[in-house]
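Hi,

Here is the structure I promised to pass on to you. Have a look at it first, and then read my notes below with the picture open beside them.

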Amino acid sequence: MRNVIIEKNHKIAPDIYEMILLSKELSHEGFPGKFVNLYLNDGAHLLPRPISICEVDRENHRTRLIYAVVGKGTKILSSKKEGEKLKVMGPLGNGFKIDEKIDRNLVIGGGIGTPPLLELVKQLKGDTKVYLGFRENPILVEDFEKLGAEVHIATEDGSQGHKGNVIELLEKHDVNADSIYSCGPKPMLRAVAKWSREKNIPAQLSLEERMACGIGACLVCTCKINTEDEKWEYKRVCKDGPVFLRDEVIWE
Ligand SMILES: Cc1cc2nc3c(=O)[nH]c(=O)nc-3n(C[C@H](O)[C@H](O)[C@H](O)COP(=O)(O)OP(=O)(O)OC[C@H]3O[C@@H](n4cnc5c(N)ncnc54)[C@H](O)[C@@H]3O)c2cc1C
Ligand code: FES
């Protein structure tokens, strides 16, 4: 557990906040797809909230998080003041595996699953296409563009980019790639799994499950995972994941 200083905590879009944490260790250990457990220091909300690492700046010891205010915990988080200390556990989880020999990367994000893909795109080698889908109000688009990636947007309300979902946009553009990395809501991940199987492109998917301990002890976050002998077993999204290979995931 680390006690880290909040350098910044402010609204960047409706119900979306950016938090910058100052910690040399956190920034040095933060890899794409890993997450941190944030303790709210509030007697009524003892369980930590898992939030993905969006970006790290190792030189200046900064770790950037982007979070949506959806319930009581994230509401409390949004009220934390700059300069305050926050108890943080992590970085936790396995993260994405980057194969530097891959030429054509395809990164697919959905909604508030988009933030962890930013540090990933920073670290990917080769050509990277980014496809992002939102219900409305896209976030982080300029951040991805600044990294030199080719960015395409789909919004359900048609306010930006393609009107519809991100899979329709991938089909419209007849996209091909050597490797897919994806994070987003379960229905989107399931559609990415189906699309990537049809296109025969390997995919890593970052799953999101409700969590309690976040360190593999309580088994709240288990999901069914295929094993090599055509059987299945329960794995913990917090400890064994959150990133799994497409063909490991059993969709229920
Ligand atoms: C690995 C991982 C990474 C995540 N990264 C981000 C991120 O970068 N940005 C972001 O906005 N959100 C992220 N989430 C979702 C975020 O953790 C939840 O939105 C948040 O915990 C909700 O807390 P709450 O108290 O506001 O909501 P409530 O619904 O009141 O939460 C009640 C309880 O359920 C748990 N819980 C609720 N929703 C989720 C959820 N979706 N996943 C896990 N636990 C949940 C809470 O931790 C808490 O213990 C991530 C979740 C996981 C599992
Ligand atoms: S949240 Fe407790 S085992 Fe995953």
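This is a predicted model, and I'll start with the ligand. The shell around ligand 1 takes at least three residues from each of two domains, domain 1 (2–92) and domain 3 (207–252). In total, 21 residues surround ligand 1, and S52, Y67, G71, G73 and T74 are the closest. The largest share, four residues, belongs to β4. By type, the shell has 12 nonpolar, four polar and five charged residues.

The buried ones are P116, L117, L118, E119, L120 and V121.

V121 turns up again in the largest nonpolar core, which has 59 residues; L65, V107, V121, V130, V166 and V192 have the most contacts inside that core. If you set aside the neighbours of V192 within four places in sequence, V192 is in contact with I108, I180, S182, A203 and L205.

Finally, there is a sheet to trace. Seven strands form an open sheet with mixed pairing, in the order β11-β10-β9-β8-β12-β13-β16. At the edges are β11 (162–163) and β16 (243–245); each has a single partner strand, so one side of each is left without a neighbour in the sheet. Strand β13 (residues 203–206) pairs with β16 in the antiparallel sense, over three bridges, and S206 stands opposite V243 in β16.

Enjoy exploring!

Notes:
Residues are numbered from 1 along each chain as its sequence is written. Chains are lettered from A and ligands numbered from 1 in the order in which they are written. This is a predicted model: local features need pLDDT of at least 70, side-chain atom pairs count only at pLDDT 80 or more; totals for chains, interfaces and linings use all residues. A residue is near a molecule or strand if its C-beta atom, placed from the backbone, lies within 6 Å of it. Helices (H or I, at least four residues) and strands (E, at least two) are DSSP runs, numbered from the N terminus. Ala, Val, Leu, Ile, Met, Phe, Trp, Tyr, Cys and Pro count as nonpolar, Asp, Glu, Lys and Arg as charged, and the others, Gly among them, as polar. Domain bounds come from an automatic or database domain assignment. A residue is buried if 20 or more other C-beta atoms lie within 10 Å of its own, exposed if 12 or fewer, and partly exposed in between; C-beta atoms are placed from the backbone. A nonpolar core is a set of buried Ala, Val, Leu, Ile, Met, Phe, Trp, Tyr and Cys residues joined through C-beta atoms within 7 Å. Two residues are in contact if their C-beta atoms, placed from the backbone, lie within 7 Å. Two strands pair if DSSP finds at least two bridges between them.
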